[in-house]
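Subject: Structure handover

Hi there,

Here is the structure I promised to pass on. Have a look at it first, and my notes follow below.

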Amino acid sequence: GYQQPVWLKCGLLLCGLRSRSGAMADEHQIQRPEQMQFIEPNQMMGGYQQPVWCVPMNSLASPMEPVFMVAVPTGPFMMPAGMPSVSDMDDAWYDQYYGGHWVAGHHGENGRWGNWRRNEGYQVSPVLRRIWDADENVTLAEVLDVLMDVALDRAGAAWICERVADGDQTTAEYVMFGAQPHVLALAVHEFGREVVTALIERASPDTANNLVSQLFGHLLDLSRHPHGCRVVQHAIEHCPKELQGPIQEELRGEVVSCIESAHANFVIQKCIQSLPRLATQFIVQEVSEQAVYLARHRFGCRVHQRILEHASESDVKSVLAEVMRSRNPLTCDEFGNYVVQHILEFGSSDLQEAVVKTLLSDIGGFGSHKHSSNVVEKAMAVVPGARDRVIDAILAHRGARSPLAALAASKYGNFVIQHILEDCTIGQKQELGDRLRALGSVLRRGFGKHLLPLLGKGETRLGGQ
């Protein structure tokens, strides 16, 4: 699914893809076409629903099948003259060119080619067809003979997972015996990964460890894969001892790049949650070196949260030391504010106090900001005594330029005031109500009107009327 040119490790450009805008630049065109090969659907693995051009990769280190690196375009490929583009293909052309070849691993019966597999005259695995037809006489022995055909199908994978879940360890080990040579191919497939995770969960510890060992040497690549990352997470959760060494060996030095990945960041989080402290020290160290950057990152903020939840106090302080010294507080950052909220909930009393003092230094500004207003509400909810201190800071000044006026007139600050009015003492609510009524012009327009129902008696008798 890449939307830009893809370079393989061997140095060959796989294919050129159209950009989102539909423009096709010169550098996007296929390079070295003499080394490209057209792959018919019966040779595919992985559920691609359109023909693709790819480079034979027989020299791959891993035993993954098939030995092709394949990418699926978001638009038509630059195919040779005479070859119709994907968007121009119709059923008649498909019927003429492919002659009923079987497409392995379709995306369900509603996919582009899904219905072709159900039509008579097309080469579909008989066992898989019987599973589609809900034949109760299908046996595991029959499925294992065509395991990859069945496991790469939505209904077929569900059938295998159901038998593994309902059976005992012997059943899981029986299936694993047939799946073991294809673990890597299954792990990176939309439906095949479900089979692998079911086997890891249900097999005996020794058998599960043996299966997980097939992933060694590929953990980094699998972690960055949309389906492979789920298999790695499942393996970490169920076989933590077996994975401690390989995880450290393969991910060391790549922690930041993994955190930046939309998929691998979940693997890093699972390591922090499930592995022993000593096995995750390399993660803490690499995160602390770029703590501020990662705290402001879309995925990095999640890793900070997991460290706050599961790491030791010393590890937390080493990671947050630079964050707390940052000149630009994270409270106002789109993602950093979630880290600060976690500090308030899981951090030590010293860290909590530092955050509260920062908020009180400009309660009107922080409370009116889109992101930091959430931090103010979190502080009042989880830090003992923070609510009273926030109320005192809000009431410390009077007039149209007071923190209370700024909060009441703000799109986000008025939620802070609402939060306070819903859970404060009678005396505090009376004082806030009197101050708000004195700001009649503020409450009569804009966002201040949302506070009227919470003021109680006298809410319609505003100052200036």
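A salt bridge here is a side-chain nitrogen of Lys or Arg within 4 Å of a carboxyl oxygen of Asp or Glu. In this predicted model, Arg130, Asp135 and Glu142 are linked in a network of such bridges. Between Arg130 and Glu142, the closest N and O atoms are 2.9 Å apart. That pair links distant parts of the chain, with Arg130 in helix α3 and Glu142 in helix α4, twelve residues apart. Arg130 is partly exposed at 24% relative accessible area, and Glu142 is partly exposed at 27%.

The whole structure has 16 salt bridges. Another one joins Arg306 to Glu309, at 3.0 Å between the closest N and O atoms. Both residues sit in helix α18, three residues apart, about one turn of the helix. Arg306 is buried, with a relative accessible area of 13%, whereas Glu309 is partly exposed at 29%.

On helix packing, α9 (residues 192-202) and α10 (residues 205-212) meet at an angle of about 145 degrees, their axes 7 Å apart. Val196, Leu199 and Ile200 in α9 touch Ala208, Leu211 and Val212 in α10. The residues of this contact are six nonpolar, no polar and no charged.

The lining has eight nonpolar, three polar and one charged residues, and its largest share, three residues, comes from α21.

Best wishes

Key. Residues are numbered from 1 along each chain as its sequence is written. This is a predicted model: local features need pLDDT of at least 70, side-chain atom pairs count only at pLDDT 80 or more; totals for chains, interfaces and linings use all residues. Side-chain values use heavy atoms; hydrogens and water are left out. Helices (H or I, at least four residues) and strands (E, at least two) are DSSP runs, numbered from the N terminus. Ala, Val, Leu, Ile, Met, Phe, Trp, Tyr, Cys and Pro count as nonpolar, Asp, Glu, Lys and Arg as charged, and the others, Gly among them, as polar. Axes are lines fitted to C-alpha atoms, for helices over the stretch in contact, and angles run from 0 to 180 degrees between N-to-C directions. Contact means heavy atoms within 4.5 Å. Buried means under 20% relative accessible area, exposed over 50%, partly exposed in between (1.4 Å probe, protein chains only).
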